[in-house]
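Hello,

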Amino acid sequence: MAEPAQRAVVINPAKICQPIGAMYATLGINQAVPLVQGSQGCSTYVRYQFNRHFREPVNIAVTSFHEDAAVFGGRKNLIEGLYNLVLRYRPRVIGVVTTCSSETIGDDIETFVKEARKEIGRGLGEDILAQVSIVPIHTPSYAGSHVKGYDTASKAYLEYLAAPGQPNGRLNIIPGIINPGDIEEIKHLVREMGVDPLVIFDISDTLNAPMRLPKPLYPEGGTTAEELKDCANSQGTVALCRHAGGSGAQYLLRKFNLPAVLGPLPVGVANTDTFLENVQKITGAVIPPSVERERGILLDHMADTSQYTVMRRAAIFGDPDIVSAVTRVVCELGMEPVVVLSGTASKDFTAEVAGVTAEYGVTPDILSGSDLFAFEQLARERKAEVILGHSKGVDMAKDMRVPLVRVGFPVYDRVGLFRRPIVGYRGTLELMDRIINSILDFAYPEDKLHQ
Amino acid sequence: MVLDTRPSHAGAGMHPAREAHFCRKGQATLAAGPVPREARCGLFAEPPVSPELPAHNRPTLPGMVSQRSCPYYGARWALAPIPDLIHLVHGPVGCAFYGQTVRSQEYQLFSTDLAEKEVIFGTGEKLYRCLLEAFAVRPGARGALVYVTCTPGFLGEDLEATCRRAEKATGKRVVLVECPGFCGSSQAAGHDIAAEVLLTHFIGAGLFEGVRRTAADGVGHSGESAVNLVGEFNVRGDLDVIRSLLAQAGITVVCAFNADAPAGRMATAPLADLNLVHCRRTGLALAQGMQAKFDQPYLQVSFYGPGNVTASLREIGAALGREREVEAVIAAETPAGEKFWRQARRRLEGGRALLFFGGSRLGSMVGAFQELGLEVVVAGSQFGRRDDYTWAWEQVAPGTLLVDDANEGEIEFLLERYRPHLAVGGTKERYLCLKSGVPFLVFPQEGSPYAGYRGFTNLARDIIKALAAPVWRLIR
């Protein structure tokens, strides 16, 4: 097992900054707008990522730091920004997302928000003020990646909004940085078990919105402020991604004594089995025959196609929870993971992947917190035949003349992948098809399937 | 007049917002004067329009969904294509992740990936170590550009000294690009910073002190003239088209800033006879600097739309004494497209277009759309300068609305208010316009070149394709 690259300089990073993770979460809330306390690039660059991945417009407001903010701090920007944002967009929820700049200056965000609330109440009326929740989320970019940003946001929102009440019988799901299609599939599985899912940060509608004129200001859907309040009264919480959302689940456990399950992301047979068992444990619901059938179809397909996958060398990069789950799928398909990289450093990730690969008797290089330059070098050395990762792997895959199976965020050079799940048995089937068809497109003669 | 009758808005309590500065050619409806905050962002009625050019280069109002970006973005936009330098982003890792992609192209990018302890105890040592490591990874690089982002920008350490130390250790040029996100009101500040960096450290570097250009210095050989293109980024082959037009007239391109200008070749750029400024916003400052420093004349040109191309070629011909060659190029190149352009014009005549550009494309592209028979009803830019608006103003018909720094909400309003047949802009505007039911053309383009006569054919075809998509007839 290789150590992470022993250099300080990062070349072609495989991780993004904390704020984008917090914005990802916020966009899953009904009528919510993230307000970035920082420079305009901090919102615009992020909007490009979302625009390109989801092919959707996204509203992310910014307090536009200029020279005066550098000198006097961000107080004026935030107070004025909150006022203007409420005046124009009337959001139900505003996530104040800090950046490296505002954290370096040492902005006292909580106090500024209080002052802004006073001003909004005075200027726009108490009834308008009462409609909006303003949640500060501290996401200094120098202390962790987008994965941590999402995690931080999950805790911040629940700390601020969740409140005890009557039991609602629902099951909280904190999805993490996964796609609308994944969330749909998770809802499907939970509903098949007769349980009502409460998805916290539900981007399945907000970032996959229909075209219907006139275009509404906010897309439909998303977790409502009321649901965020009510999630303290659910039966328990499953954070699909331990690193992105785990803190939210743990907060609900500590504060409201809700059972919490952190991961693994249900990609692959074993992980989906685990997920369903966990739902069963928390809610007492049974796994219905319809879901057993989905499992059977997946296994049937695995048997039908093993000749394409077994012993094929794969290199995988991306976010820790997605990569460790995909590594398991790759193993389940009989492929050999040779390099496995999480852009975000995590000891849990290294241990998890080491565990999975030990089970299957393979020994990949495991990189935790390394970059795509190191990844490419190792993938070449170990002669990877297929790469699994997001769109930042395109040039590498072209150079190496191997297929890139697109998984993760951001994917901007293919269409529609955000709509398709890789979670659950059906999602795993989709991922398998993607892997195998990429291999076939690349390396197999057309007459391979004999009559 | 109630302009916004959408029930969904009423339900959400939305007041389409106004921050942008509007002006309408040929109409004087509102006296200029200080605009109170409530009027700037309150309930939207018909925008107060000014008979003057839009106010420009103003800071953005906090709390908006701004279409603008930051100076670091602008610096990357201008400098990313320089191949023989190491590009090192000094700051937390995010900026380097985003900055890898420029005009939909991916570039290798280094980052110091600052962590909390460095932010507290100082970032200089890590920068130094990263520079040495970067040169070890890419020993062939001629030097390094160090982009200073927000966090080190706030800390105010002496990074210049760190760079000197790294220069001593490596024998390579290490240059700071001081472009923290807060140092200007938009990416335009970054373009100027980039121009300054090139001018101070690379263009003409190594030529003897106090060199003055003379005709005899021309780098063109065997009677060719030589030019630099300034503010040309070779989006989908634009540069290749321009280069071929010029080559036919016996004009060589020495450097194209910044699509084809390795640091090594920039040293010889001052030897060209003439600088051609294509994008004014990113190029004019550089061209003016080169004029002041090397006595090198410049010409502002546009290669978008046959009218602009022909006029520009003639001006270039006159400036270089190549009138005859240039006329031959025009005569040879124009007939190929003319029939198609006429057809396209017949199809597009009377269509209303709404244009949103970054800066100078406003002036250089408006003419191209008009040549296709489209009526430009709104033309806006994120960070245009006075001369960009003047240039557009001269070309648009009376009644056209010019807008500076429209934000997402305002663009949404304008789409509803004007219901254009076509909207043109970047990726951020793209999905908003499409979701609002308006066909869209993305710019910088993603397919084939738009520059030159051939490029105009591509532009016309792309517009027709955007409008022809049957989806627009399926919407209920």
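First, the ground rules. This is a predicted model, in which local features need pLDDT of at least 70 and side-chain atom pairs count only at pLDDT 80 or more, while totals for chains, interfaces and linings use all residues. Residues are numbered from 1 along each chain as its sequence is written, and chains are lettered from A and ligands numbered from 1 in the order in which they are written.

**Chain A as a whole**

Chain A holds 19 helices and 14 strands; helices (H or I, at least four residues) and strands (E, at least two) are DSSP runs numbered from the N terminus. Its radius of gyration is 22 Å, close to the 22 Å from the globule rule for 451 residues, so chain A is as compact as a globular protein of that length. That radius is taken over C-alpha atoms, and the rule is 2.2 Å times the number of residues to the power 0.38. Along the principal axes, the C-alpha atoms of chain A fill a box of roughly 75 × 50 × 45 Å.

Of the 451 residues in chain A, 64% are buried. Here a residue is buried if 20 or more other C-beta atoms lie within 10 Å of its own, exposed if 12 or fewer, and partly exposed in between, with C-beta atoms placed from the backbone. Among the contacts in chain A with a separation of 6 or more, 73% join residues 24 or more positions apart; a contact means that the C-beta atoms, placed from the backbone, lie within 7 Å.

**Domains**

The domain assignment of chain A gives domain 1 (18-144), domain 2 (171-208 + 218-287) and domain 3 (290-448), with bounds from an automatic or database assignment. In chain A, the C-alpha centres of domain 1 and domain 2 lie 26 Å apart, and 14 residues of domain 1 are in contact with 14 residues of domain 2. On the domain 1 side, helix 1 (residues 18-26) of chain A gives the most, with three residues. That side has seven nonpolar, five polar and two charged residues. For these classes, Ala, Val, Leu, Ile, Met, Phe, Trp, Tyr, Cys and Pro count as nonpolar, Asp, Glu, Lys and Arg as charged, and the others, Gly among them, as polar.

**A sheet and a tyrosine in chain A**

Chain A has an open sheet of five strands in the order 12-11-10-13-14, with parallel pairing. Two strands pair if DSSP finds at least two bridges between them. The edge strands, strand 12 (365-368) and strand 14 (404-406) of chain A, each pair on one side only. Within chain A, strand 10 (residues 313-318) and strand 11 (residues 336-342) are parallel over six bridges, and Ile316(A) stands opposite Val340(A) there.

Tyr157(A) lies in helix 8 (residues 146-161) of chain A. Is Tyr157(A) buried or exposed? With 30 C-beta neighbours inside 10 Å, Tyr157(A) counts as buried. Leaving out residues up to four places away in sequence, Tyr157(A) touches Val135(A) and Leu228(A).

**Where chains A and B meet**

This contact takes 64 residues from chain A and 65 residues from chain B. Elements giving two or more residues on the chain A side include strand 1 (10-11), helix 2 (40-54) and helix 4 (75-89) of chain A. By class, the chain A side divides into 33 nonpolar, 19 polar and twelve charged residues. Strand 1 of chain A runs antiparallel to strand 5 (residues 110-111) of chain B, joined by two bridges, and Val10(A) has Ser111(B) as its bridge partner.

**Inside chain B**

Ser111(B) also stands opposite Val89(B), as strand 2 and strand 5 of chain B pair in the parallel sense over two bridges. Strand 2 (residues 85-90) of chain B is mostly covered, with six of its six residues buried. Leu85(B), His87(B) and Val89(B) point one way from this strand, and Ile86(B), Leu88(B) and His90(B) the other way. Strand 2 of chain B also pairs with strand 6 (residues 143-148) of chain B, parallel over six bridges, with Leu88(B) opposite Val146(B).

Finally, eleven of the 15 residues of helix 12 (residues 280-294) of chain B are buried, so this helix is largely enclosed by the rest of the structure. Just after helix 12 of chain B, Asp295(B) takes a positive phi of about 60 degrees.

Best wishes

Terms used. Two residues are in contact if their C-beta atoms, placed from the backbone, lie within 7 Å.
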